[in-house]
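I opened the notebook to write down what I looked up in this structure. The entries start with the whole chain and end with one residue.

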Amino acid sequence: PSGAILAEDALKTPADAQKLLVSCYDVLANLYDGKVQNINELMGDNLAEPNGLDFNAIYNRETNFFTPTTNGVYGDFYYAVYRCNSLLKNFDLIEGLTAEERTRMEAEAKFIRAFCHWGVVKLYAQPYGATPTNNHLGIIIRSEASNEPLPRNTVAEVYAFILSDLAFAIENLPTSNGNYANKDAATALMGMVYFQMNDFQNAVNYINQVVVNYPMSDTLDRFPDNPGVNPEII
């Protein structure tokens with residue numbers, strides 16, 4: 001089609017691959033700039049019923065195919081997943097990519113893919129533990145770059161997929177990676193996922209590996225006069 005860009009034209013150099021990877025973070029940044037938090041609050045029990053049909057639908061659990069807020073968030077999570085899978089699929093097209101760069105990018109892509117699946121399953125399925133074996137329907141697992149309609153996987157299968165991606169990320173992410181995902185970020189996320197699974201021992205084990213590296217700030221001021229990097233931020 002006119003305007004379409006083939007993978008072999010878009011992904012030629014390590015810089016091209018890095019741009020695709022950064023675009024996945026870009027989707028997440030927009031999702032967690034209030035959209036995801038908003039839906040979570042609307043589905044909680046700390047708000048009066050809002051005004052507006054869209055927010056009312058979320059609040060009353062009456063969303064459908066035409067509810068733009070929920071559909072937008074759901075779709076954006078999978079946009080990031082699709083981009084991650086596109087990168088994972090096309091490493092062989094990239095000339096001059098070192099083994100170290102490839103491993104790091106693959107680990108980052110799987111970190112983001114796990115993060116996205118976790119974000120979707122928390123919002124669009126009953127929680128882990130809702131059934132004894134967690135065989136209740138969860139969400140679609142997207143492990144390949146495809147638009148093919150797929151059936152929903154069970155919650156148990158979704159969490160197993162998330163844990164597998166995070167295990168790879170923990171093993172292969174660098175300890176320092178600028179503004180992007182590093183080993184501590186993946187380890188912390190693994191702890192959060194286990195907490196959501198009510199596996200508190202594993203949650204403590206993973207979180208304890210991280211918190212010792214990040215001293216608590218000596219102020220409760222969210223807006224200091226001389227803002228810098230908060231030492232608590234992972």
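Entry one: contacts along the sequence. I looked up the contacts in the chain with a separation of 6 or more, and 56% of them join residues 24 or more positions apart. I also noted that the model is a predicted one.

Entry two: secondary structure. I found eight helices and zero strands in the chain. Written out in sequence order, the pattern reads α-α-α-α-α-α-α-α.

I checked the radius of gyration, which is 19 Å; a compact globule of 234 residues would have one near 17 Å, so the chain agrees with that. I then took the extent of the C-alpha trace along its principal axes, and it is about 55 × 55 × 40 Å.

I recorded 15 positive and 28 negative charges in the chain. Their mean positions lie 5 Å apart.

I picked Thr70 and placed it in helix α4, which covers residues 68-89. Is Thr70 buried or exposed? Its relative accessibility is 7%, and buried means under 20%, so Thr70 counts as buried. Which residues is Thr70 in contact with, leaving aside its neighbours within four places in sequence? I listed Ile39, Ile58, Thr63 and Tyr124.

Notes:
Residues numbered from 1 in each chain as written. Predicted model: local features only at pLDDT ≥ 70, side-chain atom pairs only at ≥ 80, totals over all residues. Heavy atoms only, no water. Helix = DSSP H or I, 4+ residues; strand = E, 2+ residues; numbered from the N terminus. Buried < 20%, exposed > 50% of the residue type's maximum accessible area, 1.4 Å probe, protein only. Contact = heavy atoms within 4.5 Å. Rg over C-alpha atoms; globule rule 2.2 N^0.38 Å. Lys, Arg positive; Asp, Glu negative; His and termini not counted. Charge placed at Lys NZ, Arg CZ, Asp CG, Glu CD.
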